[in-house]
Amino acid sequence: MQTQTNENRMSADPYVYQSIAKAIAAHRVDTLFGLMGDANLFMVDSFVRECEGRLIPAAYEGGAVLMALAYTRTTGQVGVATVTHGPALTNCVTALTEGARAKLPVVLLAGDTPADNPRHLQSIDQRELVKTTGAGFEQLRTPDTVAMDVARAFYRARVERRPIVLNMPADFMWQQAPFAPKVLDVFSTPGGVAEGDSLDQAIGMIASARRPLILAGGGAIKARDEIIALADRLEAPLATTLMAKGLFNDHPYNIDIFGTLSTPAAYELIAQSDCIICFGTSLHDFTTDRGKLMKGKRIVQIDMEPTAIGGALHPDAALIADAGLTAKTIQYWLDEAEVPPSGVTKDLDIEALTAHPVPTSKTAAGRVNFVEALEYLETALPKDRVLVTDGGRFMTEVWCRLSVPDPQSFVATVSFGSIGLGLQEAIGAGVARPDRPVILFSGDGGFMMGGINEFNTAVRLGLNLIVIIANDSAYGAEHIQFLDRKMDPSLSEFQWPSFAEVGTALGGQGFTVTSMEELETAVAALADRSGPKLIELRLDPNDVPRMRA
């Protein structure tokens, strides 16, 4: 009798692949980016058919991870991807590194080869591989611990702000065990309030500043209103890092991006400042122009992450505290001490400070001037766009000349310095925001490296996606180095196929642009939003502006 009861109980227990799918769904996940293999296909099937989830099938494993990263960036939710074992996971190394550097919480459900077969063809030490990327590793320990192991992966992704790989042995999948959903609370109340000597020092520096300026990074996006209130109280101009692009849109004293991407006039204004109040930024070398913009100034740095402070340069005052609460606290004590405003903003000409100069150059016949094309596209493309950029020589001009509605509508795949990641992240953004057009700028080399793998994925999904390829028929960053040293650049030049024709062959609609008139015709055709469009800008490799770095 007892044996029969145990058998009945066991027959009612779900298989591990079903429990994993249920555990994911318990975290309110309804979208899974992935590529199926023999270690994860049954879990994916259960997630779709039994948990009513949605699979976004990628063409390449790293693409699935990149899609999840963009999904996270644009929604604020934990993105989830899945791949099988061995070469599937090695194909994710660059994407995981990008996510770890960008501090994006993503969970990657990775299959692993059976533990009882160490000579399996695809067996590798997956923990050691993941460690090299900076991502975290979590092991599915036993069939009985599925719910807690999945919960731990999601918890760690949020708390550690990086991708977490959950390792799933293939030989567990058809085992049975009891399952009860488990979700761990993530403590998300506002962080610490600045206090003590460090706060007194910071307020003293700010109060005595004659030309203060406020800089906000990606870690301060949620503190927009409090930072603006402090800037208005100080009568100080506002600026952002690249990752917070668009945060202060429409504020009368917003000078836009701070650092090597500033206009010459804004760069000079920053150089003249005597105190920079930095919220939620680690002060990257490109932000500070390798420290040049911070020399001779008092630097006050506020960040919840201790590791973000002092990494690039040592501030004069450091506050490990919440950005919004700290901005309020500083404003309170300035009011209590009746510190007068600086008056800096009264003399600012914001239009002049934010106007990027248009270089004069000669563009070869049958080619488009890139800056002229960008100036036109800024006004011609839909304003409610999500802007995504791949890596490459062209990208800094795009960042400077195309606006975005807010920081969550901007995705730059530059945290690891790789090219070929843009289209995959554009797909993730398109899945996250189906109500808005996604505009991707990619170079020719980047598109051939990664974009061409996934363009048909965007077609299959029917995404509202516009891909603009800056085709200078070269690896531009290398091309210009050859020219600078008066060397033959031909090894960096390529005769690519027609990207417009490739886009059409893959199921989209492609346009070749060799003049401004053809660009206007191509943009007019974008009114038909029946799937991805691809605009190939034919550029002169000798006429593309240098990267602003």
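Let me start with a term: a residue is buried when its relative accessible area is under 20%, exposed when over 50%, and partly exposed in between, with a 1.4 Å probe and protein chains only. By that rule Trp496, at 19% relative accessibility, counts as buried.

Hello everyone, and a word on the model before we go on. This is a predicted model, so local features need pLDDT of at least 70 and side-chain atom pairs count only at pLDDT 80 or more, while totals for chains, interfaces and linings use all residues. Residues are numbered from 1 along each chain as its sequence is written, and side-chain values use heavy atoms, with hydrogens and water left out.

A pair of aromatic rings is described by the distance of the centres and the angle of the planes. Rings of Phe, Tyr and Trp (its six-membered ring) pair if their centres lie within 6.5 Å; planes under 30 degrees apart are stacked, over 60 edge-to-face, and the rest tilted. With this rule the count is 13 aromatic pairs. How far apart are the ring centres of Phe447 and Phe499? They are 5.5 Å apart with planes at 85°, so this pair is edge-to-face.

Phe447 lies in helix H18 (residues 444–461) and Phe499 in helix H20 (residues 499–505), so the pair ties together parts that are 52 residues apart in sequence. Phe447 is buried, at 1% relative accessibility, and Phe499 is buried too, with a relative accessible area of 0%. Phe494 is partly exposed, at a relative accessible area of 29%. Ring pairs link Phe447, Phe455, Tyr475, Phe494, Trp496 and Phe499 into a cluster.

Next, helix packing. Axes here are lines fitted to C-alpha atoms, for helices over the stretch in contact, and angles run from 0 to 180 degrees between N-to-C directions. Helix H2 (residues 16–26) packs with helix H3 (residues 41–49) at an angle of about 50°, their axes 8 Å apart. That makes H2 oblique to H3; angles under 35 degrees count as roughly parallel, over 145 as roughly antiparallel, 65 to 115 as roughly perpendicular, and the rest as oblique.

Which residues of H2 and H3 meet? Tyr17, Gln18, Ile20, Ala21 and Ile24 in H2 meet Phe42, Met43, Ser46 and Phe47 in H3, where contact means heavy atoms within 4.5 Å. The residues of this contact divide into seven nonpolar, two polar and no charged. For those classes, Ala, Val, Leu, Ile, Met, Phe, Trp, Tyr, Cys and Pro count as nonpolar, Asp, Glu, Lys and Arg as charged, and the others, Gly among them, as polar.

Now helix H15 (residues 370–380) and helix H21 (residues 516–525): their axes come within 11 Å and cross at roughly 25°. H15 and H21 are therefore roughly parallel to each other, and H15 passes H21 in a right-handed crossing. Glu372, Ala373, Tyr376, Leu377 and Ala380 in H15 meet Met516, Leu519, Glu520 and Val523 in H21. By class, this contact has seven nonpolar, no polar and two charged residues.

Over to helix H10 (residues 224–234), whose buried residues are Ile227, Ile228, Leu230, Ala231, Arg233 and Leu234. Their cover includes helix H9 (197–208), strand E7 (212–216), strand E8 (238–240), strand E10 (275–279) and helix H13 (323–336). Just after H10, Glu235 takes a positive phi of about 55°.

Arg28, a residue other than glycine, has a positive phi near 60°. Arg28 sits in the loop between H2 and strand E1 (31–34) and is exposed, at a relative accessible area of 78%. Lys103 also has a positive phi, of about 60°, although it is not a glycine. Lys103 is in the loop between helix H6 (93–102) and strand E4 (106–112) and is partly exposed, at 42% relative accessibility.

Notes: Helix = DSSP H or I, 4+ residues; strand = E, 2+ residues; numbered from the N terminus. Left-handed = near helix turned anticlockwise from the far one by under 90°.
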